[in-house]
Amino acid sequence: MKSPFKNRRAIMAAGALVLAAGGLTWSVTALADSTVHPKVSVKVDEQTIPRDNFTESGSYAPLVKRVAPSVVKVEVTERAKDIPAPDLPGFFNDPAFRQFFGEQGIVPPQGRNGRRRTLQQPRQEGLGSGVIVSSDGYILTNNHVVHDADTIKVTLADQRELDAKVVGTDPQSDLAVIKVDAKDLPAIVFADSTKVEVGDRVLAIGNPFGLGQTVTSGMVSGLSRANMGLDYEDFIQTDAAINPGNSGGALVDIKGRLVGINTAILSRSGGFQGIGFAIPSTMAKNVMQQLVETGKVIRGYMGVAVQDVNAELASAFKLQDSTRGALVAEVVPDSPAAKAGLKSGDVITELNGDKVADARRLRLAVAQIAPGKEVTLKVIRDNKPIDVKLTVGNLSKKGGAHATDEGPGGSGDDDQGTLNGVGVADLNREMRAEFDIPQKVQGVIVTEVDPTSASAEAGLQPGDVIQEINRQPVRTAEDAVKMTENPPSKKTLLRIWTRRGIRFMVIDESAKPDASQ
């Protein structure tokens, strides 16, 4: 066997993702109550903006005067409080250490009465922005702006300061709704963000660095961005300057309509570098309505782990369209998907007649379907199209596997057959304990991966569990070795379990030179 594979970590080369709020990073809802509110009435204009005969107007001033009063400053405070003292490093308990330094110099985490000592956390303050969405005081902002706040103060454009309370928060999309006690407020008009196109001009309005309301201009630089660390992401990317304090502010089009809630920036320095992200207004409106009506967000659920279809998987599954669809890697037992008859290896290409571009967009679409509603899926199974009727479940009650878009896999002897450079072993109690593998997971565990192998390049890591090789179940390490000794092809399709979930992957060794040559 070759040298062990070293774990690799994905590093965002462009820098760090920065939430565009100043001060605190909040983690727990503090003021949300269980009160059920009537449905909030918002204004919506779904017309597209004119895109022909582009002309540059002399000023945005008329638009800003109309829209800016809808954007507010949000100040949050967390009271000073006691927090548990951290545990001391183990060497503090060494008798030699205590003999050298003496007992008086050591402050253990437990006091003389046996209770854990506490430290004083000082008062915390944070700053963000918000958007008035109804004339009776409902305001949209980011979850990370108001999470864990003890008090929230909103400053309107006319300099009135009002106390606000949290109506509801949704950490999975980083949205929150707060409310002030006021009437006849200047509510913003929502646009249909699904009609936004790259190149559309936009303005970002918020309160960066506590300077006061600030307007920046730019364009839509990209759509449907993800990988920012949230469960539900479909960001609009813009080059309009967004800085700390802009979180929760408005991204508006040239007609002054809300197309997004400014949320984060991608930056090496922590400041603006031309890449900002906003939550689309259509998603924000859906989350907002649910938070106002029930105080929580209910999302649709199928019960599958899905992944994107790349060129290798499309070839392995003999798919005609290699760029679209969501490949089912796992079906959760007793889930809506299982009851509907979906199987591992199915490729979902349509949902209610709409094309499925990839796994993430499928998950976003299903999440917005009301539980209990029946949908029709178009599925490719064994290279044949079939229709599957599925009744959407409730994610909050069922939980379930999440969509994924990357993966590992492997097995075999060095430089022979396929999966060269990969070592495997039978799953035993010790292996399960060491790699934290659930008892229900069956297959063979990957013990070693040569870092120069095709398997390592594809992402296979020690601790992954191979469940299938070329659609055949793997029970033992001996099975895995035999299945890779005389393969019909140098491309191997694997189904594997990883800590990120179950997925398919292709190991392509056709370009690797034979070690015997």
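D163 counts as exposed, at 58% relative accessibility; exposed means over 50% relative accessible area, buried under 20% and partly exposed in between (1.4 Å probe, protein chains only). The model is predicted: local features need pLDDT of at least 70, side-chain atom pairs count only at pLDDT 80 or more, and totals for chains, interfaces and linings use all residues. Residues are numbered from 1 along each chain as its sequence is written, and side-chain values use heavy atoms, with hydrogens and water left out.

**Salt bridges**

- The structure holds 10 salt bridges, each a side-chain nitrogen of Lys or Arg within 4 Å of a carboxyl oxygen of Asp or Glu.
- D163 forms one of them with K153 (3.3 Å, N to O).
- K153 lies in strand β9 (residues 151–155) and D163 in strand β10 (residues 161–170), so the pair ties together parts that are 10 residues apart in sequence; strands (E, at least two residues) and helices (H or I, at least four) are DSSP runs, numbered from the N terminus.
- K153 is partly exposed, at 30% relative accessibility.
- D253 and R257 also form a salt bridge, with their closest N and O atoms 2.9 Å apart.
- D253 is buried at 4% relative accessibility, and R257 is buried at 4%.

**Nonpolar cores**

- The largest nonpolar core has 38 residues; such a core is a set of buried Ala, Val, Leu, Ile, Met, Phe, Trp, Tyr and Cys residues joined through side-chain atoms within 4.5 Å.
- Helix α4 (residues 281–294) gives the most to this core, with 6 residues.
- A second, separate core of 22 residues includes L313, L427, M431 and V506.
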